[in-house]
Amino acid sequence: MDRSTADFTRQWTAALPKVAAFVGSMVFDPSDRDDVLQDCAVAAMTSFDRYDSSRPFAAWVIGVARNQVRLYLRRKSKDPHVFDDDALDALVEAFSRVKPDVEHKLTQLEYCVERLEGRARQLCEFRYAHDMKPAAIAAELDMTPNTVAKSLQRIREQLRECMETTPHPAS
Amino acid sequence: MKDHSDDLIHRYLDETLPPDEAAELNKLVKNNPSVADRLAEAALLHHTLGSGFRSGSLPLRSGHPNTHTDHPERKPLLSIFTPALPWAFAAAAAIVAILTIKNLPPDSVPATVDGRASAPEKLNTGFAVLTRVVDPLWTGQNSPAQGDVLGEGLLELDQGLVQIEFFSGVSLVVEGQAALEIISPDEMRLVRGKLRAHVPPPAIGFQIHTPRGTVLDLGTEFALDFTGENGELHVIDGEVEWHEETAPEILLTQGAALRISEGKTANISADPGRFTSSGQLAAKVARHQNQRLSSWQTHSLATRNHPHLLAYFPMEETDSWSRDLSVYPNHLASGAIVAAKSVPGRWPDKHALDFSPNGSRVRVNIPGDHQAITFSTWAKIDSLDRQYNALFLTDNYNKGEPHWQLTEKGELFLSFGLGKGKSHHVFLSPVIWDHSDSEQWLHLVSTYEVATRTCVHYLNGKEISRNQAIPEKGIEAINIGSAQIGNWGLPTREEPEFAVRNLNGRLDEFTIYATALSPSEVQSLYQAGKP
C-alpha cells in the first residue's frame, strides 16, 4: 500500500463514526445509508489528494459526505425531506465541531447500556438491535407509539448522563 | 425551548416527526447552532447504539420480537463499513474495505436510482482464480480448491504447487511453503516463500508487497523468494522496479536480480531455473492427472466385481458418436444416450456426459426388487436453474420407485413413491452446491435401507445428513425398472409436454449398488475417484 493510501485509511477509520453518524442522521433507510457511506468513501478516496492536511480530516470528509447526502436527497426528492441546504450546512458545521471528549465518552456506552434494566433495555434492543420504529415496538409491547417515543428519548438521555458521569477506565 | 428542540431532535431520529414539526426543526437547525450541535451529538449516540448492537459489540439480552422485520441482508463489503463501536472498530477491516472499494469497477457500486434498487444480480467475490494445483496442502483458514475464486485473506500453502490467475491477467506460480495475501486484481502481498509472476501488457503496474519493499512490474516476468526480511528478486524477462520505504527505487531489467539481506541490497544475476514456470507446472499437472486416472482405472476394474453391484456406468466410451453407454454387469442392456454430449470428465483423457443440451438423458432398465440401495456419481454442475435437477429418476413414481435429484436451492433430494394417492417421502440434505462450486467435480452419494427406513446423504466422502422416515412412510422394496440418468419423464402421444429437469452439468461415472454402503466405503470411493 502506498503511503497516501495508508494515511487515508488511518484518518478515514478515525473519522468513520462521525461520518457514519452524519450520513445516518439524514439517510434513514439502512441499505441506502450503507450505499451513501460507501459513495462517501469512494469520493473521499479519489479526492484525497485535494485534502489540505492543515485542516482537520473529519471536517473535510464530512464536507465530502455532505455532497453525497445532497445527491441522495435529490434522487429521493419525491419524499419530503426535513433539511434544506442551509440546514444541511449548519449540520455539517455541527458534526465537524463535535468535540473529542464527546467521542471519548461513547466508550462508556457498553457499560451504560449494561445498566439499563427491564423494559428500558428491551426498548433499546428493539429500537437498535432490531431496527424497529416506535410504532412497531408499540404494537409488540402493547404500548402507544407516543409512549414508546417518549421512553426512547428518556433512555437516550439516561445513557448520555451515565456516560458523562462515569469516569473513563483509563483516566 | 431546549426541551422542545430536544423533543424534536429525538422524534426526528426515531422517524416520527410530522411535516409541520420537521419544518420547525429545519428552521431551528439553521438559525441556532446549539440545536445543530445537540442534533449532531444525539445522532452520534443514535448511530453508535445501532452499529454497536448490529455488530455484536453491545450484547443482546432479550430474544427476538416476533414481529420484527430485519432490514435487507447487508452486503459483506458494506457491513465492514458500518462501524462497530468506535473503540472496537479494527483499522484492518477499514484498510481492506478501502482497498476493495478502490478497485471496484464503477458499475458494481450498488445504484438506487429513484429509490428503486435494481434486481439483485448473482455476485461472487474475489480477484483471482486458482487454476492449477499439484498436491497442494493448505494450512490456515483458507483451503481453496482448483477452480475456486480467490478473494481477500491469507493463503498459506504448506506443500505443493499452485497457479493463480488474477482477473487483471497476471499469472502466478506459487511453490509451497509460501504465504501470500491477495489484495486486489493488481496488488498482492508475499509474506514468505517463492513465486514466479507473469505480467502481460494489460496488467502492467501489478504490485507485490514483500516484507522489505514493493515490486512494481513494468511488463513480463519476474520471481521472488522471501524468508522473513531476507529475499531475492529475479527479473526473468522485461523490467521491474523495486521500491523500498527509505531508498530510491531501483530499475531492474532482464537477467538482473537483487539479494536483500540484513537490510542491505546487492546485485546478483537472475537464475530463472530456480523457479517453476507455468509450462513446467502444466507438465506436472498433466503427469499428476495421468497418475490419478490410472489409479482410478484400477479401482474401476474392482468396482465391476463388487458383490452388490446393481449397475455401473464408468463412462469410458472413446467413440463420442456412439449412443450406447456400456454398463456392468454385462447382462444388463447398455444405456441409451439421448442428446447428451460426450465431454472431458474429471481428467482430460476421461469421458463424461454433459446433460445440458435439450432433452438430454441416458435411458436404462434395471430389474429387480431390492432391500437397500446406493446411488453414487461424480457431478460438475453449471447451474441449478430448474426446480428439480435430475440425477437419476424412474420413469414412473410407483411405490418403492426412487427419484434422485438436486433441488433449485442446492440440496440433494432422494425420494420414494408411496403408492397411489399416498404421494411420496423425501429425504433432503443440507445445501451442498452454490454458484462458486461450478468448477468443482463433486462426489454425490445417497443410500437408503428399507429395514431401517434410513437415508444417508454424502458429499465428497463425508456424511452430511442421516434421516429416518416414520413407519407410515416406509416401503417394502425398492424397484427401478425403466429409468433415466440426468432427466425425467417420457412424453407420450397423449401428453407430449414434459417437465424440464435435465441436469445443467456433467456426470462422470454413475454407480448403483443394491446395498447401503457404509461411511468408510463411501470415503474410499471418494478417495479412489477424486480428481
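Here is a walk through a sheet, a helix and some cysteines in this predicted model.

Let's start with the sheet in chain B. Eight strands make up an open sheet there, running β15-β16-β19-β28-β21-β22-β23-β24, and the pairing is antiparallel. At the edges of that order sit β15 (324–325) and β24 (424–431) of chain B, each with a single partner strand, so one side of each has no neighbour in the sheet. For a look inside the sheet, take β22 (residues 402–407) and β23 (residues 411–417) of chain B: this antiparallel pair is joined over five bridges.

Next up is helix α2 of chain B, residues 19–31. Its 13 residues, at 1.5 Å a residue, should span 18 Å, and the end C-alpha atoms are 19 Å apart, which agrees. The buried residues in α2(B) are E21(B), A22(B), L25(B), N26(B), L28(B) and V29(B). Look down the axis of α2(B) and these buried residues fall within an arc of 165°, so they line one face of the helix. Turned away from that buried side, you'll find the exposed residues P19(B), D20(B), K27(B) and N31(B).

Now for the cysteines. Over all chains, the count comes to one disulfide. It is formed by C112(A) and C162(A), with sulfur atoms 2.0 Å apart. The torsion about the S-S bond of C112(A) and C162(A) is about -80°, so the disulfide is left-handed. Both C112(A) and C162(A) are buried.

Technical notes: Residues numbered from 1 in each chain as written. Chains lettered and ligands numbered in written order. Predicted model: local features only at pLDDT ≥ 70, side-chain atom pairs only at ≥ 80, totals over all residues. Heavy atoms only, no water. Pairing = 2+ DSSP bridges. Helix = DSSP H or I, 4+ residues; strand = E, 2+ residues; numbered from the N terminus. Expected span 1.5 Å × (residues − 1). Buried < 20%, exposed > 50% of the residue type's maximum accessible area, 1.4 Å probe, protein only. Arc of directions from axis to C-beta. Disulfide = S-S within 2.5 Å.
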